[in-house]
Every structure is written in structure tokens, then in C-alpha cells.
Amino acid sequence: MNRKLSINRIILITGFILFLFSDLQAQITIKGHISDKQKEPYVGCTVVLKALPDSTIIGYDFSNEHGNFNISYDGKAEMLEISISGMQITPQSKNIENKTQTVNFTVEEEDVQLKEIVIKSTKMWGAKDTVNYLVSEFSERNDIVIGDVLRKMPGIDVSESGAITYQGKPINNFYIENLDLLGGRYGIAANNISAKDVSTVQVLENHQPVKALDGIKISNDAAINLKLKEGAKGAFSIMAQLRVGGSPFIWENELNGMYFTKKKQNISTYKANNSGLDLSQELTSFTTNNRFGSNDMLGVVIPTPPSIKEQRYLFNNLNAVTVNNLFKTDEESQLNFNLIYLNDHENRESNSVTSYFLSADSTLIMNEDMRLAKNTDRLEAEFRYNVNKANNYFNNYLNLNGSWVNNLAGIVNQQNIEQRLKEPSFSLTNSLHWVKKKEEDRGFEVQSMIGFKSSPQTLTIQPGLYADIFNNGKDFSLLRQKARINSLYIDNNVTLLSPFRIGNVSVDPKFGFGVETKDLNSDIYTAGGSNIALLEADSLRNNLNWSKFNSNISIALRYDRNGLKFNAQLPLHYNHLRLDNKITDENKTKNRIRFEPFVSLKYQLTGKTDVSGMYRFYSYTGNINTLYTGYIMQNYRSINLYNSHFSESKGHTGNLTLSYKDVIKMLFASGGISYNYTKSDMMYGQEFRDILTLTSAIEQDNSMHGMSVDGRISKGFYFMGITVALQGSYGAYSSEQLRQGALVKYKNNGLNLSGTLNATPFSWLILAYNAKWNRSRSEIESHEVFSPIRIFTNNISGDIKLPADISLYANYEHYYNSGAIGNRYLSFTDLGLKYNWKTYNISLTWNNIFDTRKYISAYYSSINSYYQNYDIRGSNVLLKVRMKIM
């Protein structure tokens with residue numbers, strides 16, 4: 001019965017969509033490629049289509065970053081004229097027939113002699129799907145790298161982690177001179193390329209990085225492209241920084257080398273510091289999808305980072321090396337090699353008070369003094385070969401990743417407890433993407449991915465705890481938990497591109513299959529001296545194999561006409577699940593058929609306004625992380641035990657967004673609403689036995705609801721170089737949870753407001769201000785309403801230019817947390833002097849001049865509340881010299 005309903009649902013949805021978008025009138029598509037005599041893509045040409053003989057303009061386009069254009073026409077004129085024009089090129093035109101075809105142009109450049117006129121520099125300009133920002137108009141004398149300037153550009157936002165969004169959506173690529181050197185690790189470029197070397201930042205809207213899919217697969221995402229100045233091309237440049245100070249002794253040094261030409265690109269960096277600068281964020285890939293999920297079975301209780309600037313509280317000793325190379329093997333293919341090594345030693349110390357709601361009249365309060373020493377070694381290598389032609393695309397990506405993490409955490413909670421966790425891991429992944437296209441956008445697309453990851457983990461706790469559970473009530477000196485997860489996945493898909501059309505709707509069938517397996521092994525050991533003994537009880541061991549076979553068929557429907565872009569994915573999945581428990585000799589299987597439709601649309605209301613939305617139905621089953629039946633000691637006060645039932649969750653998610661853009665007025669705005677609903681047949685509850693928490697799984701239906709609204713607006717002004725940005729969001733969330741065997745209904749809502757302002761009121765004064773305000777409120781239905789927590793942060797900084805190229809820098813930060821006990825206010829003040837001489841930037845900075853040493857914060861998470869007293873960096877003085885060696 002359910003399968004019939006699923007099939008009927010597919011037929012109804014497909015039929016409705018085809019009826020809605022089918023059109024009996026024929027439509028033609030004129031597309032082509034514009035290049036120069038060196039066969040390089042020519043960007044920004046104006047392409048105009050006219051009907052003959054009256055030369056009525058019937059369509060236009062601009063050549064994109066690949067030099068491609070695309071114009072549609074559904075009229076009856078027998079002959080058409082297509083022409084190109086632009087600055088410093090000779091106009092060209094061709095007469096063509098009224099039929100779908102490809103028309104290519106090779107531009108002829110010419111010198112344009114202009115009369116003696118004065119042209120005022122424009123901060124921004126645009127052409128259809130490309131927005132250009134003139135870097136010199138947004139940068140100030142204290143901006144060192146291009147990332148400093150990106151933060152000031154209207155429509156672009158850079159988060160504290162380094163992730164870049166445009167109009168509230170993450171970018172999908174980051175290019176340097178139209179080449180992808182770094183993949184998703186664009187923080188390396190943003191934090192190292194000098195702002196003085198970049199002429200223009202381009203935002204490529206609706207960006208499709210695969211040329212062969214341009215016009216076939218609809219993209220609503222944006223990419224960023226850096227256009228370098230001529231002086232930054234073809235020359236190897238080296239930048240060095242030396243920064244030292246105290247107390248205690250602090251350093252922050254780096255050496256960077258770069259080389260950019262049409263055929264080769266290189267960025268190599270070495271950075272080292274103990275000043276609290278976390279370089280791991282710079283090395284993060286923001287576009288890579290982690291197919292393995294979380295393999296972390298064990299952990300240690302450690303201080304949670306406070307919500308202040310990271311360099312205020314992070315005590316580290318870090319070294320990082322990156323080598324990034326790109327070689328163009330011909331005009332439309334390239335080879336990439338990227339290498340990353342990071343070594344980091346981190347120390348944290350805090351006092352934490354955690355309140356766990358147990359029942360209407362019972363709350364467990366846990367007071368812990370915490371300290372952490374964490375050492376991380378990470379080595380990663382990437383190889384990528386890419387061919388990106390208009391009719392043929394091939395990309396093979398290989399990633400090798402190894403990491404070695406050692407945690408030593410001390411806890412004072414009724415007694416002194418030491419936790420030591422070793423987490424080495426190794427992974428290998430390879431993905432292949434091939435597109436072959438023929439005439440009329442027909443062809444095929446192949447995607448194949450394979451990956452393996454091994455994650456052994458060892459947690460040692462001293463002294464031995466919970467003797468009644470692990471040692472028959474007798475004291476012992478050591479408890480050791482070992483666990484290992486090995487993961488393997490294989491995923492293959494083939495898509496037939498536009499094998500047939502119904503009216504104006506293109507239909508792409510897709511077929512795929514995949515296999516995923518995970519093995520889990522765990523054991524617990526105790527020691528009463530020098531002898532370590534394995535606990536052989538079945539309830540304390542795990543030896544599991546979980547596997548999933550997936551096959552799917554899907555139909556993709558595409559419509560792109562008259563400002564409306566519509567995309568629908570209608571996949572039907574068959575899953576075969578199997579679980580083998582070698583401890584209990586229990587085997588389980590489950591077969592499922594899932595229909596998971598996805599629909600997205602974007603409609604251009606006006607030249608400046610568009611509306612977009614999406615809907616997805618999803619379902620998933622639990623994997624080996626929640627299927628084991630033997631106890632696993634997650635940390636010194638948490639034990640997990642689940643069951644072997646294949647849990648199942650289903651849900652709906654959707655959003656609707658309205659966006660506005662006026663490039664000439666430098667005004668960007670967007671806002672939207674999103675909703676998510678999930679229903680599951682499994683609940684994970686917590687039972688507290690003094691400080692010990694037992695997490696277990698119970699078969700019981702439950703649901704989660706979430707709704708949020710958000711909006712953002714940013715604007716640039718010529719007056720005083722002002723750039724202002726405002727953001728706001730409100731979210732409400734509700735769920736059902738188990739606590740001490742009782743069902744608890746939990747609700748939470750939060751309001752977030754933030755704003756930034758950058759201005760240059762006078763040539764000698766630069767000002768920057770940003771503020772954030774947050775209010776969160778939680779309640780437990782029919783039990784307790786927690787007091788709202790309000791957090792407010794302010795940061796204002798100024799740079800005053802003095803004679804002899806010296807400038808005075810001042811920075812003030814203020815924090816307020818209503819949930820803090822005692823002093824709810826915290827502030828920091830920094831002062832500095834800067835001097836620029838030729839290619840040298842010299843600065844002397846006095847940080848935290850009033851020597852603030854503690855930060856107190858409070859927050860809610862689920863039905864728990866947290867209070868923390870965190871150690872932060874004291875007053876210090878640093879001298880920095882940054883120089884260009886070559």
C-alpha cells in the first residue's frame with residue numbers, strides 16, 4: 001500500500017510540474033563563446049540579439065567569466081542579427097537563422113583615443129551576473145590583506161571563522177585570476193594576499209563552475225574572483241612578519257611566498273605563534289562535504305570557549321605550513337597540488353558550574369575546575385586534475401588526511417581526576433566527476449566517490465571510577481576505554497542530460513548505487529597496580545559491522561525561462577540495511593523504499609529584486625554510532641548504551657528568501673523565513689546517578705520543530721567612505737527529551753541583532769564599530785521557565801594619522817552577560833602606534849592595558865544551563881615588523 005502511494009505521489013508531482021511549465025511554442029537558444037586571439041576567455045562583452053529586418057532588440061547578455069553567453073528567443077523572425085561590443089574592442093555582428101545554434105566570436109582589440117576628460121572612480125559596477133568592487137575604494141591604510149577589505153564590501157560578509165557569504169548564502173568557489181588554486185580553503189588567500197596587489201573583487205552570481213553544465217544545471221550560488229594588478233603578476237613575491245613581545249614571551253611570525261601567471265600559481269606559507277591566533281580556521285575547507293560524519297566515540301570534559309575574541313583567551317603554541325600549486329597543462333585544464341601541515345599545543349583553564357534539570361523539584365548542580373593541555377598534529381595532501389571545456393568536463397580529486405590528537409585534561413570534582421585521550425585518524429577519499437555534452441545540451445554526467453577512514457581512540461581515566469560497575473565494588477587505579485571505527489563508502493551516479501524535453505521542461509534521468517560500511521570495536525580495561533586487565537563481560541564490549549546498500553533512480557526537471565528558474569529532483573531510493581553483532585551473534589536486516597523530493601525555484605521579479613525558495617522531504621536511519629549494545633565510557637562522567645533497533649527519522653524543511661540589489665547605489669538587502677520538522681521513532685534519554693550520566697536509547701515517537709526568520713541590509717556611501725551593515729534573526733525551537741525516565745517538552749527562542757560601521761570622516765581618521773545583541777529564553781513545559789539571558793558586545797576602534805607617516809591606533813571592547821554571577825561587565829582596551837616606511841609596516845601594540853584576567857559567562861543548551869569563569873590573557877606589549885622582501 002505504501003509503495004503504491006509513493007508511486008502515485010511521483011506521478012502526480014511529475015504530471016503537475018510538466019503541465020505547469022510545458023509550452024507548445026518553440027523556443028530557440030543562441031549561445032556561444034567569446035575569446036581573444038590567445039584563446040583566453042573575454043569577460044564582460046555586451047552581446048545583443050536583434051530581429052531582422054527592423055533591428056528590434058529581442059535579447060541581450062554579457063559574456064561571463066568563462067567567456068560564454070546564452071540568449072533565448074521564441075519569436076517568428078526568419079533572420080536574426082547577433083553582435084558584440086565593449087571597451088577597447090572592435091564591434092562585430094553576424095546574421096544567423098532563427099534556430100538553436102552556437103555562435104563564437106574572436107575579439108579584435110583596438111586602442112580607443114579619448115578626449116581629455118576627468119572620470120570619477122566608481123566603487124562598484126555590474127554587468128548582469130557579475131558585481132565588481134574596486135579594492136582601492138574600500139581599503140584603508142591599515143588594511144594589510146584582502147580579507148580585511150572583503151569585510152567592508154556591501155553584500156559580502158566574512159564570519160569570525162573566515163567563511164564568506166554573499167547576500168546571506170555561502171559562496172561555492174573562490175578564484176584568483178579565474179583559476180581555482182585552493183579549492184575550499186580560501187582563507188589561505190584571504191589572509192595572505194596583500195590588499196595592495198588586488199585591483200578588483202568580482203562576485204559571480206548564479207555561478208556554475210562546470211562549463212559543460214552552464215545553462216543545464218541551475219545554480220543560485222555565487223563565487224568570488226580576485227583580479228590582480230599587473231605588478232602582482234609574473235613576479236615571485238615574499239612577505240615576512242616578525243612580532244615579539246611579552247609578558248610572558250610572545251611571538252607571531254610568518255613567511256609567505258606567492259607567484260601568479262596565466263599558466264602557474266603558487267601560495268606557500270609558514271606561520272608560527274603563541275599569541276592566541278588560531279590558524280586552523282585559515283586552513284579549513286568551507287566547500288568540502290564530510291561524507292564520514294562523526295567518528296568521535298570518546299572525549300574529555302574540557303572548558304567551553306567563551307564568546308569573546310579568540311586571541312583574548314587562547315593560550316597556544318602553533319606552527320603551520322602550506323604549499324599550494326596550480327599548473328595549467330593547456331588552455332582549459334589544470335593540475336593542483338596542495339599540502340598542509342599543522343602542529344598546535346593548546347592550554348585552557350576554567351571553572352564551570354552546570355545545572356541539569358531532572359524534575360519539577362530536582363536539579364543536579366555540578367561544579368568543576370578544569371584544565372586542558374591539547375596537542376594536535378595534522379598532515380593533509382590534495383591532488384586534483386581538472387579539464388573544464390564547454391563540451392567536456394573531467395575532475396578527479398584525491399585527498400589524504402592524517403591527524404594525531406592527544407588531550408590531557410584535569411578535573412577537580414569531589415576528587416582530582418585525570419583524563420587522557422589519544423585520537424589518531426587516517427582517511428583517504430577520491431572523487432571523480434565527468435560530463436560529456438553534445439549538441440542541444442544532450443550528453444551524460446558521471447559522478448563516482450570512494451572513501452576510507454580509520455579512527456582508533458583510547459581514553460584513560462585516573463583514578464578508577466565507579467567501582468560498583470567495573471570492579472565488583474573494589475577500588476582500582478585506572479580505567480581505560482578503547483574504541484575504533486573503520487568507515488568505507490562507495491557512491492556512483494550516472495545522469496543523462498536532456499535526453500528529451502516536454503515543452504520548455506528538460507528532463508534528466510539519473511541512476512545510482514552505493515555501499516557504506518562501518519565497523520565498531522570497543523573494550524574496557526581496569527588496572528589495580530601495574531597489571532591491566534580486560535573486562536570480558538559482553539555488556540562492556542562491542543564488535544559490530546553495519547552496512548547499507550543504496551540504489552536509486554531519479555528524474556530531474558529543469559525550467560529556465562522569462563526570469564523563472566525551476567529545478568525539481570524526484571529520487572526513489574531503495575536501502576538494504578544490515579547489522580551484525582559478533583558479541584551477541586545477533587543479525588538484523590531492514591529494507592526500505594524512500595521517496596525524497598526536492599524542489600527549488602528563483603524568480604526575477606525586477607532587475608533588482610528576486611525571490612527564491614526550496615522544499616525538501618528527507619529521511620534517514622541511525623548508523624553504528626547509535627546501534628551498539630555494550631557500554632562505552634564516553635568521558636569520565638558519561639556512559640553510553642544504545643540498542644540494535646534501526647531508528648528512522650523523517651522530516652520536511654523549506655525556506656523562502658527575498659533579495660534586493662542595487663549596484664549603483666551600493667545597496668544590498670535580503671530576508672527570509674525557514675522551517676524544519678523532524679519526526680523520529682527513537683529517543684535518547686539521560687539518567688543521572690550522582691555525577692555519572694547514562695545515555696540510552698528508547699523506542700518512542702518524538703518530534704522536533706524549528707522556525708526562523710532573518711534579514712540583512714548593507715550599504716556603501718561615497719560620503720566619508722561609509723559602509724554600514726545590519727543583520728537580525730529570530731528563531732524558535734521545540735523538542736521532546738527524556739530525563740530521568742520522564743518525557744520533557746523543551747522550548748527555546750532567541751533573538752539576534754548585529755551591525756557594523758566603517759567610515760573615514762577625515763583623511764587622518766579611520767573609524768570602525770561593530771555590535772552584537774542576543775537574547776535567549778528557554779522553558780520546560782509545565783515545569784520551569786528559565787530567566788532570559790541577554791548578551792551584548794561592543795567593539796569600537798580608531799586610527800588617527802599623525803605627522804611623519806605615524807598613526808595612533810586605539811581599540812575598545814565591551815561585553816555584558818546578564819546570566820553572569822557577580823560582575824556582568826567586561827572590557828578590554830588596546831593602544832598602538834604604527835609607522836609605514838617604503839615596504840615596511842612597523843607597529844607597537846599594548847594589548848589589554850588594564851590587565852583583565854577573568855571572563856564570566858552564562859548560556860543555555862537544551863535543558864541545561866552553564867556558568868563559566870574562564871582564564872584569559874593578561875596585559876602584553878608586542879612589536880611587529882612586516883616587510884616585503886621581494
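The largest nonpolar core of this predicted model holds 48 residues, and Met297, Ile461, Phe470, Leu520, Met633 and Tyr636 touch the most other members. Such a core is a set of buried Ala, Val, Leu, Ile, Met, Phe, Trp, Tyr and Cys residues joined through side-chain atoms within 4.5 Å, where buried means under 20% relative accessible area, exposed over 50%, and partly exposed in between (1.4 Å probe, protein chains only). Strand β22 (residues 362-388) gives the most to this core, with 4 residues; strands (E, at least two residues) and helices (H or I, at least four) are DSSP runs numbered from the N terminus. Apart from this core lies another, of 45 residues, including Ile146, Leu181, Leu226 and Met666.

Local features need pLDDT of at least 70 and side-chain atom pairs count only at 80 or more, while totals for chains, interfaces and linings use all residues. Residues are numbered from 1 along each chain as its sequence is written, and side-chain values use heavy atoms, with hydrogens and water left out.

The backbone has a few details worth a visit. The peptide bond from glutamine 462 to proline 463 is cis, with omega near -5°, and proline 463 sits in the loop between β25 (443-462) and α6 (467-470). Methionine 720, in the loop between β39 (692-716) and β40 (723-739), has a positive phi of about 55° although it is not a glycine; this residue is partly exposed, at 28% relative accessible area. Asparagine 848, in the loop between β47 (840-847) and β48 (854-861), also has a positive phi, near 50°, but is buried, with a relative accessible area of 2%.
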